[in-house]
Amino acid sequence: MRLVDHTEPFQVAYSIYHHEYLGYLISAHYVQLLPNGSLSLVHQGAYPDNISQFSHGLEEGDSELIKLSGEILPREIIKKFGGNPRQEAEFFLKRFDGEVKKLIDAYIQRRLASILPLLRGKHVFAMGKDSYPAQHPIKVLEEEASVLFHFRRKETFTRYFPTIKLREEKIEFQNKGAIMLCLDPAWILLEGEIFTFEEHLDGKKLKPFLLKEFISIPREREEEYYRKFVTQIVERYPVYAKGFEIRQVHKTPEFSLLVQEHDQNAFSFSRQVGYDRFHFPLDKPGGTKASFEIEEGEYLFYKVIRDTDAEAKIRTLLDGVAPNSNSLTPWEYVDKEKGLQWLSAHSAELQGNGVRIIQSSERYQITLDRPEVVISTQESGDWFDIKAVVRIGAFEIPFIKFKQHILRNKREYLLPDGTVAILPDEWFSDYRHLMEVSDEPNGEVLRIKKYQAPLLNFPSTPNGLKEKIRNLANYEGVPEVTPPKNLKAKLRNYQEEGYNWLHFMKEQGMGGILADDMGLGKTLQTLSLLQSEYENGAEIPTLVVLPTSLIHNWQKEATKFTPDLTIHLHIGVGRTKDLAVFASKHLIITTYGIVRQDIELLKDFPFHYVVLDESQMIKNPDSKTAKAVRKLAARHRLSLTGTPIENTVMDIWSQMSFLNPGLLGNESFFKKFYVLPIERESDEKRSEKLRRIIYPFILRRKKEQVEKDLPPKIEKLHYCGMTSNQQSLYEETKNTYRNYLMELISQNIWKKNKLNILTGLQKLRQIAIHPKMLEPDETELKDSGKYQEVKRMLQTVLSKEGSKVLIFSQFVKMLHILRDDLKEQGITYNYLDGATKDRQGQVDSFQENDDIRVFLISLKAGGVGLNLTAADYVFILDPWWNPAVESQAVDRSHRIGQKHTVIYYKFITKDTIEEKILNLQRVKAKLSDDIIAVEEDIYKSLDAVDLEELLK
């Protein structure tokens, strides 16, 4: 078969043909022209993939038509709907039925509806039986036809039929071979002409009459038929009726907005237009609307002629102020508070433009007056009495009456006149916490403790109280206090500010967290406070609770800076059970473990202060330690920590429940109201509210803020490759656990076996550091790429005169490997892990002995209580999920007293889980501002997606 020569004249022909299964289709073809300009017999299909060859001979619209017609070629349809074009017969015999057939028919109809209007002015033909595309010419008319439906209702039946007028003449089309090419809208091929209709005619209404003259409906089915089918015809098309009446309704439109309760928490707004007694949704525009009725046995249609211009004007007005303007449903599921605000803001404008607001609730009518709280307070000893009223229109109601509504999240409040006020949404966030912790001494006022004053920081709070709250939150504005006479230290400026703040907190009767960065002298500031207290007449001892590792440090600093303070160490197996011993001492130093064991003994002793050092030790509120500490009795309470929030927001609740009981409500309330919204939903408003409440009780300074002369800390990520044997073991282990995880996920049992997967992650971390930790006896695994780099970098550091290095790993096995190598090379070192007895001896030796330049430390054992400013290098051999732990390790060296720049190397093995841990830290970590750092416990929160990502 010859193909069309695109360099010679040709013409694009559009051919109508019938497919056995798909019905009438339209295809595009190139047909070669003869020298005289007539069509030759040489032709080929016109498809999108050959259009570039013939583009020079195409007319406007041809490219689009070739694309659209190409989409309904049988082979393309088969391919699109999952068949093999080479097995066409099999596809249509086995798959072309049911839903597949419906989908394909609809697909073809949509494209025909686009193709047919574009064929006007084109060369259109009926295809010949030999598939010649230009057999019989067809004209696609510019003129559109009109249709008139005739209904004749008689005693026993109704008969109806359509007539068609084209070019001002009635045409005969029934039983004349007319073909319905497209149904929506209707396009008909009749006697070589294709035409459509003015009314956008639904072809289904006309198709039955291509082969029959009329349709009869028997009397027993008549009413239903009139109600469902004839109403549609009357509404959309011209109708000539006998035996029933069609009345036209011409009225001025009346607009309304119907307010409906969607559920207990949301409104739906229905925009409506009414003509006399007929009402229609405004969001469904149309020129006419029909209604069927039966009056005294007679059938009657009302055909409402709608004012489309007036409707469009109101619709535009409403669209411009929709309550959910950015939603796919701008008028539905509108939060009640938001809906009430919207109505308050726009009701006057809408009513001024003729839109009535109608409330359809059968339960109540909603007042459009927005509740307003007016707060007044009165100090009474250690308490604030809150006398507040709520104004709603003409009503004034005591604020305390709304307490149960707020606690139960009930938004509807019944007013004395029977209408209902919708309580503002912000009440349930702003006032919920206040209602949760307040008392009701006489049923008329709410009462809170003075340290709960930040809960009153609302727009309606009196200015005097706002000033007091601002003072609480502004440590720079607290009064200066003379340092104690016998303090053997010169306080730095920021330490004096901290000392003043501690005094201020005591005078206000509030417990606080001194949360300065590690190394800024929290112990010295606390000792200064206690020295001042005892110089000014305090007689009762202070209890200092700390980790065992800090006992020596506290004893040493107290002896150095406050030698006048007498110390009793309440530690060890032989510790006294006679608390009379405490009375003659100033400082009782003990550990968290001892408090837990001796709480029944200690809880009745009235200490002057209870000081918790490294107070993150009580971060788990359900732990025995936290419960024991909360039982201690003291006039004043103080916490010291560089990480007030280490893993979860719940950490701060545990500490505040010790310092200021009741400030943050009970544990279940705090979890629901703060922890879940902040950690799971990243609720910034709730996070800011919590920050505002706890801000007055936390003094947090960073080293770079207060110590301008502290040398810089330089962090460097040092990437390492793996050895070939190491990489093979890593890939084998990773694939084993990944396949295991995929199997668990497919069976939806991964949560039950999560511990096994976490064990796999731990193995991967060990292999990435040194496979010898996992396989100590495998000789081919005696080395690792990272370990080679660590040793190389260590030699570089040791070649620099005077430099010292701290080497941290969370794996004690790794420290042992390195320790053995150092011994073999004759390099002296110090070592500390959880089993080390003389921690301070190891620290002092490293600090004071110039010959010891390497200190091996387990990450967790060395996280607190160590001052190692002799080191100017820090190696982190393995990244931990929580970056705060790494930061604590680095700050053993980067603290006051450090004279050199601290260079901090974090060793990362490329293409391993270690890189993914860094990414996961960025995704999962939730940080607030300078006060606290919030980070989810990543190990606990890993989900299936995270685990899969780590095992990729």
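## Cores and salt bridges in a predicted model

Let's start in helix α5, where Lys102 and Glu99 sit 3 residues apart, about one turn of the helix. (Helices are DSSP runs of H or I with at least four residues, strands are E runs of at least two, and both are numbered from the N terminus.) Their side chains meet in a salt bridge, 3.7 Å from N to O; the term stands for a side-chain nitrogen of Lys or Arg within 4 Å of a carboxyl oxygen of Asp or Glu.

This is a predicted model, so local features need pLDDT of at least 70 and side-chain atom pairs count only at pLDDT 80 or more, while totals for chains, interfaces and linings use all residues. Residues are numbered from 1 along each chain as its sequence is written, and side-chain values use heavy atoms, with hydrogens and water left out.

**Salt bridges**

- The structure holds 38 salt bridges.
- (Buried is under 20% relative accessible area, exposed is over 50%, and partly exposed is in between, with a 1.4 Å probe and protein chains only.)
- Glu59 pairs with Lys122, their closest N and O atoms being 3.8 Å apart. This pair links distant parts of the chain, 63 residues apart: Glu59 is in the loop between α1 (51–54) and α2 (62–71), and Lys122 is in the loop between α5 (98–118) and β4 (124–126).
- Glu59 is partly exposed at 46% relative accessible area, whereas Lys122 counts as buried at 15%.
- Arg691 forms a salt bridge with Glu688, with the closest N and O atoms 3.1 Å apart. Both lie in helix α21 (residues 684–694), 3 residues apart, so about one helical turn separates them.
- Arg691 is partly exposed at 21% relative accessibility, and so is Glu688, at 36%.
- Elsewhere, salt bridges with shared partners join Glu59, Asp62 and Lys122 into one network.

**Nonpolar cores**

- The largest nonpolar core has 95 residues, and the members touching the most others are Phe399, Phe402, Trp427, Ile652, Met656, Leu664 and Phe670. (A nonpolar core is a set of buried Ala, Val, Leu, Ile, Met, Phe, Trp, Tyr and Cys residues joined through side-chain atoms within 4.5 Å.)
- Leaving aside residues up to four places away in sequence, Met656 touches Ile513, Pro661, Leu663, Leu664, Ile694, Phe697 and Ile698; contact here means heavy atoms within 4.5 Å.
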